[in-house]
Amino acid sequence: MMELVFGLFFLMPISIFLGWWGTVLILIFFSFLFLNSNWFLGYFTSFSYSFGGDLLSMSLILLSIWISFLMIMASGSIYKLNNYTFEFILVILLLLMVLILCFSVSSLFLFYLFFESSLIPTLFLIYGWGYQPERLSAGMYLLFYTLFASLPMLISIFYISSYSMTLFYFLIEVEWNLFLYLFMLLAFLVKMPMIFSHFWLPKAHVEAPISGSMILAGILLKLGGYGLMRVFFFIDGCVLYWNCIWLSLSLYGMLLVGILCLYQTDMKSLIAYSSVAHMGMVICGIMTMNYMGLIGSLVMMIGHGLCSSGLFCLANISYERTHSRSFFISKGLLTLMPSFSLFWFFLCSNNMASPPSLNLLGEIILINSIMSWNSICFLFLGLASFFSCCYSIYLYCYSQHGVIFSGLSILSSPTLCEMFLILFHVLPLNILIMSGDLITLWI
């Protein structure tokens, strides 16, 4: 595990000589090296200096490396305009290193340290390469929502350390109460985000550059789910009956956000709100605390990371040509970019959990898990799935069909790099379902 971290550490100064595409090729090499040299097992392996990983850690680390090189590929405008390219690559490599450390530690305090450290490179991305002046307020929303929820968790970690004399995940023993339970969970629920604590997410997505949107949707939201799963390893069973509060809220939030998506006129805003709905289902699966819930949440997190990141890439490709994210201007793209309409169709279909995507596998497992908790949930799950289908069709139809805005000049056709960028999202998303049994090895 540490060899990967040190490899990335030494890659940072070397990236001066490698350049833009050299860094992309090295990260692709890292992803295949990691895939072929690590055991994806249900127990912790590759232990060194309290760093290691199980199937949960390894799959999210692999997703982080994969999304990172796609972020560089998607940010072609930064390369063309020479807009601080070296600093941009440095920030992405720093963020990747922090995420790998966060997913591979076995100490609760180190996890908190790297969990919070991921904020700094993300803010650099939003502030340095964002679009509008409103990115300043969006970054403040992101920073203060996360810090406000994380401070009680830090206090709880100090209490757990003094009580159980260890912060190793599997050795923690502590007397649980309502306040300790709330403080340990609040930071992760805001990060995912849960309904009513999600207000930072649409602002951050809309104002962030494409790389910021991809890493936010693809990885940073998954930090919340990963943290919840790790914390539930050592939470005492007697406090788990409070989980029904978060489960009920998330079921209601999935329905509410599905309706909200149908009101959106901004492409990135709609995709960001759809992330809240999908993460609501992940929260429900984790809170049921059964085998299928945890397995389904992991599959859903990986599937959503690829699908949402791909949708943001497509929205950015349209934005770079029309200079607008509004549905009123960016419509009728089918006649201007017909080859990309197929990718829009694939990713919008996968967003509503169509076969053979990972989203379908995750939703089937999660629906089974939530229905086993309480059969009344089928009302909310059915309506949420229906609205998910509605806003995915709305996104596809409104952007691809209709009369082309008369103020647009002739658009350029998609480049080969953009084709590969979307293909690298679509292929893993629809092929990994064939090895879905691998996920069942966890737990």
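Let me start with a term: two rings of Phe, Tyr or Trp count as an aromatic pair if their centres lie within 6.5 Å. One caution as well: this is a predicted model.

Now the rings. A search of the whole structure finds 31 aromatic pairs. Take W20 and F88. Their rings are stacked, 5.8 Å centre to centre, with 10 degrees between the planes. W20 belongs to helix α1, and F88 to helix α4, so the pair ties together parts that are 68 residues apart in sequence. Both residues, W20 and F88, are buried. Ring pairs join W20 and F88 with W21, Y79 and W129 in a cluster.

Next, F115 and F188. The ring centres are 5.6 Å apart and the planes stand at 75 degrees, so this pair is edge-to-face. It links distant parts of the chain: F115 is in helix α5 and F188 in helix α8, 73 residues apart. Buried or exposed, F115? Buried, with a relative accessible area of 0%. F188 counts as buried too, at 0% relative accessibility.

The charged end of K191 sits over the F115 ring, 5.5 Å from its centre. A second case involves Y141: K203 lies over the face of that ring, 4.9 Å from the ring centre.

On to salt bridges. Side chains of opposite charge can pair when their charged atoms come close. How many salt bridges are there? The count comes to 3.

Start with D54 and R230, at 2.8 Å, N to O. D54 lies in the loop between β2 and α2, and R230 in helix α10, so the bridge ties together parts 176 residues apart in sequence. D54 counts as buried, at 2% relative accessibility. R230 is buried as well, at 1%.

Then D266 and R325. Their closest N and O atoms are 3.2 Å apart. D266 is in the loop between α11 and α12, R325 in the loop between α13 and α14, so parts 59 residues apart in sequence are tied together. Both D266 and R325 are buried.

R321 and E418 are both buried.

Finally, the surface. A nonpolar patch there has about 790 Å² of accessible area together, and its residues include Y141, F196, Y252 and F378. Which helix gives the largest share? Helix α17, with 3 residues. F378 sits in that helix, α17. F378 is partly exposed, with a relative accessible area of 48%.

Definitions and conventions
Residues are numbered from 1 along each chain as its sequence is written. This is a predicted model: local features need pLDDT of at least 70, side-chain atom pairs count only at pLDDT 80 or more; totals for chains, interfaces and linings use all residues. Side-chain values use heavy atoms; hydrogens and water are left out. Patches are made of residues with over 30% relative accessible area and no salt bridge: like charges are joined within 9 Å, nonpolar side chains (Val, Leu, Ile, Met, Phe, Trp, Tyr) within 5 Å. Accessible areas come from the Shrake-Rupley method with a 1.4 Å probe; for residues, only the protein chains shown count as cover. A salt bridge is a side-chain nitrogen of Lys or Arg within 4 Å of a carboxyl oxygen of Asp or Glu. Helices (H or I, at least four residues) and strands (E, at least two) are DSSP runs, numbered from the N terminus. Buried means under 20% relative accessible area, exposed over 50%, partly exposed in between (1.4 Å probe, protein chains only). Rings of Phe, Tyr and Trp (its six-membered ring) pair if their centres lie within 6.5 Å; planes under 30 degrees apart count as stacked, over 60 as edge-to-face and the rest as tilted. A charge sits over a ring if NZ of Lys or CZ of Arg is within 6 Å of the ring centre and within 35 degrees of the ring normal.
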